[in-house]
Amino acid sequence: MKKADLITGIVLLALSGYVIQEAWRMPPSGTFGPGSGFLPFWVGVLLTLLAVILLATAWRRQATEKDSKSPFPGKRALIAITAVLGGLAVYIVLIEVLGYLVDTFLYVTFLMGIVEREKWPRTLGVAVLTTAGLYLIFQVLLGITLPSNTFGF
Amino acid sequence: MDIFHNIFLGFQVASSWENLLFCFVGVLIGTLIGVLPGIGPTTGVAILIPITFGMNATTAIITMAGVYYGAMYGGSTTSILLNVPGESSSVMTTLDGYQMARKGRAGPALGMAALASFIAGTFAVLMLTFLAPALADYAVSFGPPEYFALTFMGLTLVTSLGGDSPLKGLISGVLGLLVACVGIDAQSGVARFTFDNMNLLDGVGFIGMAVGLFAASEVLVNIEEPMQQIFTEAKLNFLSLFPNLQDWKDSFGALWRGSILGFVIGVLPGAGATIASFMAYAVEKKMSKHPEKFGTGVIEGVAAPEGANNAAAGGAMVPLLTLGIPGSGTTAVMLGALLIHGLRPGPLLFSTRPDFVWGLIASMYIGNVMLVILNMPLIGIWVRLLKVPYSVLMPMIITISAVGVFATDNNIFDMWIMFFFGVLGYIMRKLDYPPAPMVLALVLGPMVEMSLRQSLTISHGSIAIFFTRPISGTLAVIALLSLFAPLLRILWSRARTGKRAVS
């Protein structure tokens, strides 16, 4: 955790530097009272201050037991998380190409069958039910047009 | 009297078939969310926003409020039967509730949890009925400096009271303020932090951010700690659920103390149901004639926290409705939903939309009755639901979130916002940064900025304006005190240990 705090502190410092620089370029004051750069500038200053406190306390703190352990999980869990997130990114990219129905069915099948290693009959059942259920709620009941593919579904 | 007229109006609104139906749907989903570990009330409300989008505002918020207090009921079931708290606010219930179940008294424990929730929940709604209009009347006279001081106080209280590290809470809040700055500045028309992306001109979508921070990141955290299948063989029939006379006698004090304490804590911004249940349990233990028995299965150890967390859920509606200041992550998400529906919570809401305010309040009376019915005879069904494995829930939660976020604006970009904040929320949870202040800051950000700039325009740039006006001065001082509260707490505990060492 100590190492993580140090890294976050540096990232936050960089971010606040960027914010202050950007805010500085905005019109500093309107005709009446403070302008659009006012709040971002002071928020940036505040963030710098907090990042410095974070860095200083992390630096001075004695390493505890919690510090020696990484806050992030082992390799296997990390692979599962990456798979879920990667799948989500692919899902978002493909939803306008494949259409909602096919894309959602494939994503649920991927999540259950490959990431969670459920049995295939169950996986396909849940995938069909989820896709159909959401279609019913959003498209039929709420009247929202979900993305469709070139074949129209 | 005016108030009876208003309540009557409220019941008229709340008892339309549509509102009754969705009140029921809300408390049903709330109970479900409360029972299932790994999905919290904030996530539930966030996922629900897109689905309630097509409804009128009153029905939508009635549903969401139902989820909020419904989750407080459901959370106790798994705490008692399985020693697994469904929500953080029912952690304290596990201490005595699970011990009661092990001694074969699961029935009275569950019954007392449901009835304590009902009694305290109804008490909180009653208090809300009388307190909220008075507070709203008072707040009508607020000008920009008061509003700035108020929102500022809301932000600092949430960040400094919630979470283990006040510093990390503050960082989370400040980052939320930055996110709120993205988009075209409403006062001057300047585009800020948009990275030349057209989609960002309107600012970062609230729903995408809330769903990402709560729902998506919760899923990611749960994937890495696989939950084992849990079963209980406890046989429950309806009559075994009723606590006996001795139980009522034992719990009487806990019930009213828990209700009052829970309500007061719920009203305070920043301290929600979780803190209320912790404090109610601690107070009961202190007041008890046999504190050593706490933790071995005494019924007042169930009644106090269960009452308190429900009263707090009702109390949290007071600042939300009268001042537009949410006190917790869940109410922050609800405030965002209100804004999307075109309602501006604040003192004027009571005079401009009495049908909405009183309809919501009346629905909470009705919802509390529905919950007792749902939770007492049907408890067996809820227990069986626990057998649904997470591998089935997980794909459902992700796809509902993603499609819902898309549906609010028919915009793929909102899904990317959800993706981004899902990853950010996961990292934040892992590094102990609470996500609630960030969402709160995003919702309150525009109001903070507008009232700040208006005040400074009035005062020609002098910040003295926040301290010289009596109300805003008081609020600003409380805000500053709460900022430095962590420091004072450290000094206080040092002084105490010092004293102990001397004696």
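The expected span of a helix is 1.5 Å times one less than its number of residues. The views below show a predicted model.

**View 1. Helix H1 of chain B, end to end.** Helix H1 of chain B runs over residues 2-14. Its 13 residues should span 18 Å at 1.5 Å a residue. The end C-alpha atoms of H1(B) are 18 Å apart, so expectation and model agree.

View 2. Which residues of H1(B) are buried? They are B:Gly10, B:Val13 and B:Ala14. Seen down the axis of H1(B), the buried residues fall within an arc of 90°, so they line one face of the helix. An α-helix has 3.6 residues a turn, so residues three or four places apart point the same way. Turned away from the buried side of H1(B) is a face with the exposed residues B:Phe4, B:His5 and B:Phe8.

**View 3. Chain B meets chain A.** Here 43 residues of chain B are in contact with 52 residues of chain A. On the chain B side, helices H8 (166-181), H9 (206-224), H18 (390-409), H19 (412-430) and H20 (436-458) each give two or more residues. H18(B) supplies the largest share, 11 residues. By class, this side of chain B has 30 nonpolar, seven polar and six charged residues.

**View 4. Two domains of chain A.** The domain assignment of chain A gives domain 1 (2-68) and domain 2 (75-141). How far apart do the C-alpha centres of these domains lie? The C-alpha centres of domain 1 and domain 2 of chain A are 38 Å apart.

Key:
Residues are numbered from 1 along each chain as its sequence is written. Chains are lettered from A and ligands numbered from 1 in the order in which they are written. This is a predicted model: local features need pLDDT of at least 70, side-chain atom pairs count only at pLDDT 80 or more; totals for chains, interfaces and linings use all residues. Two residues are in contact if their C-beta atoms, placed from the backbone, lie within 7 Å. Helices (H or I, at least four residues) and strands (E, at least two) are DSSP runs, numbered from the N terminus. Ala, Val, Leu, Ile, Met, Phe, Trp, Tyr, Cys and Pro count as nonpolar, Asp, Glu, Lys and Arg as charged, and the others, Gly among them, as polar. A residue is buried if 20 or more other C-beta atoms lie within 10 Å of its own, exposed if 12 or fewer, and partly exposed in between; C-beta atoms are placed from the backbone. The arc is that of the directions from the helix axis to the C-beta atoms. Domain bounds come from an automatic or database domain assignment.
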